[in-house]
Amino acid sequence: MYIAREASKVWRKVTAEISVELQLLRDKWGLLLAGLVFQYIHGLAARGVHYLHRPGPLLQDLGFMALPELGQDKGYLSESIFSSIFISFVLWTFHPFIYHNKRFYTVLIWRRVLAFLVASQFLRIITFYSTQLPGPNYHCREGSKLATLPPPNSVLEVLLINFPRGVLFGCGDLIFSSHMIFTLVFVRTYHKYGSKRFIKFLAWFMAIVQSLLIIASRKHYSVDVVVAWYTVNLVVFFVDSKLPEMPDRTSGLPLLPLSSKEKEGWQKEEKDTKLKDEFHKLLNGNHGDPTDRRQRAQMNGRHDEDINHALSEATANGA
C-alpha cells in the first residue's frame with residue numbers, strides 16, 4: 001500500500017509537469033525544432049568534409065609530446081567519460097518531472113542549450129571547412145581505407161551520412177572538437193542552474209580529464225581542444241546574455257499537486273512569512289531605512305516618557 005501510494009504521488013507529479021511543459025512546448029516548439037534540425041546539418045557538414053580529407057603525416061603537437069599515446073584499444077576511455085556526462089546531463093534536465101524541488105522548466109533549458117550548441121557548431125563548420133588538416137586518429141592516417149571517401153554515387157548517399165558509422169569514423173572535422181562543444185555547454189549549463197557544488201566541481205574536473213584523454217587518444221590535435229575551451233565559453237557567455245533569463249521556479253506557488261500534509265505545511269509557512277512582514281511594517285513603517293527606524297524608536301521612547309510623566313503628575317494632584 002505504501003509503494004502504491006508513493007507511486008500515485010509520483011505519477012501525479014509527472015502528469016502535472018507534462019501538462020505544464022506541453023504548454024511551453026506549444027509556444028517554443030519552433031526554436032527547439034530548429035536546434036534539432038541543425039544537429040543533422042552539423043552531421044551532414046562533418047560528413048561532407050570527409051570527402052575533402054587527405055591523409056598525411058601528423059603535425060607537430062605539444063600535447064602529443066607531453067601525453068603518452070594511449071593506443072587504439074583504449075580509445076573508449078574518452079568516449080566513456082563523454083557518454084557519462086551526456087547521459088547525466090540529459091537525465092538532470094528531466095528531473096523536474098519527478099522531484100518537487102526544481103529551478104527550471106525542461107523545455108526552456110533545452111531551448112537555451114540548443115542555442116549554445118547551434119552557435120558553437122556554426123562556428124565549427126566554418127572553421128573546419130576553411131582549412132583541412134590531416135587527421136591524427138588511427139582511421140584517418142595514411143594507409144587506412146577509411147581515411148578518404150570515394151565520390152558519392154548519389155545525393156541520397158550524402159544525405160544519409162552513413163549513420164552511425166559515418167559519424168564514428170569521420171575525418172577532417174577537426175577544429176574544433178565537437179565532443180568538447182557538448183561537454184562544455186552541458187557543464188556550464190549545470191554550473192549556472194545546478195544546485196550541488198560537488199557535482200559542479202566534478203563536472204569541470206571530468207571536462208579537463210576528457211580533454212587530456214582526447215589528445216592522448218590522438219582523436220584531435222591539441223589546438224582542437226584548446227580552441228574549443230575558449231570559443232565555447234565565449235559563445236555561451238555572449239548568447240546567454242542575449243537570451244531572456246529563465247524564470248526561477250524555487251519561489252512562488254508550487255506547480256505540482258501536493259499532499260494534504262505538504263499543502264498545510266506550505267500554507268503555514270506562507271502565512272507565517274506574511275505575518276512577519278506585516279508585523280515589521282507596523283513596527284517600522286513602509287520604509288526600510290534603518291536610520292528612520294532609529295529615529296522612530298527614539299521618538300516613541302520620548303513619547304512614552306512624556307505619557308508616564310503626565311500620569312505621575314495627575315496622580316500626585318489627585319492625591
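A residue is called buried when its relative accessible area is under 20%, exposed when it is over 50%, and partly exposed in between. The model is a predicted one. With a relative accessibility of 42%, Glu69 therefore counts as partly exposed.

**Salt bridges**

The structure contains 6 salt bridges. One of them pairs the side chains of Arg141 and Glu69, with an N to O distance of 3.6 Å. Arg141 sits in the loop between helix 4 (106-130) and helix 5 (155-159), while Glu69 sits in the loop between helix 2 (62-66) and helix 3 (76-93), so this contact ties together parts that are 72 residues apart in sequence.

Another salt bridge joins Lys219 to Glu79, whose closest N and O atoms are 3.2 Å apart. Because Lys219 belongs to the loop between helix 8 (197-216) and helix 9 (222-242) and Glu79 to helix 3, the pair ties together parts that are 140 residues apart in sequence. Lys219 has a relative accessibility of 18% and so counts as buried. Glu79, at 30%, is partly exposed.

The side chains of Asp173 and Arg124 also meet in a salt bridge, at 3.2 Å from N to O. This pair links distant parts of the chain, 49 residues apart: Asp173 is in the loop between helix 6 (165-168) and helix 7 (178-193), and Arg124 is in helix 4. Asp173 counts as buried because its relative accessibility is 16%. Arg124 is buried as well, at 2%.

Salt bridges with shared partners also join Arg112, Lys192, Asp240 and Glu245 into one network.

| Arg141 and Glu69 | 3.6 Å | 72 residues |

**Annotated spans**

An unreviewed UniProt entry carries the annotation "transmembrane region" for residues 29-49, 80-98, 110-129, 166-186, 198-215 and 221-239. Residues 198-215 are 100% helix and 0% strand, with 26 Å between the end C-alpha atoms.

Technical notes
Residues are numbered from 1 along each chain as its sequence is written. This is a predicted model: local features need pLDDT of at least 70, side-chain atom pairs count only at pLDDT 80 or more; totals for chains, interfaces and linings use all residues. Side-chain values use heavy atoms; hydrogens and water are left out. A salt bridge is a side-chain nitrogen of Lys or Arg within 4 Å of a carboxyl oxygen of Asp or Glu. Helices (H or I, at least four residues) and strands (E, at least two) are DSSP runs, numbered from the N terminus. Buried means under 20% relative accessible area, exposed over 50%, partly exposed in between (1.4 Å probe, protein chains only). UniProt positions are given in the numbering used here, feature names are shortened, and annotations may be inferred rather than shown by experiment.
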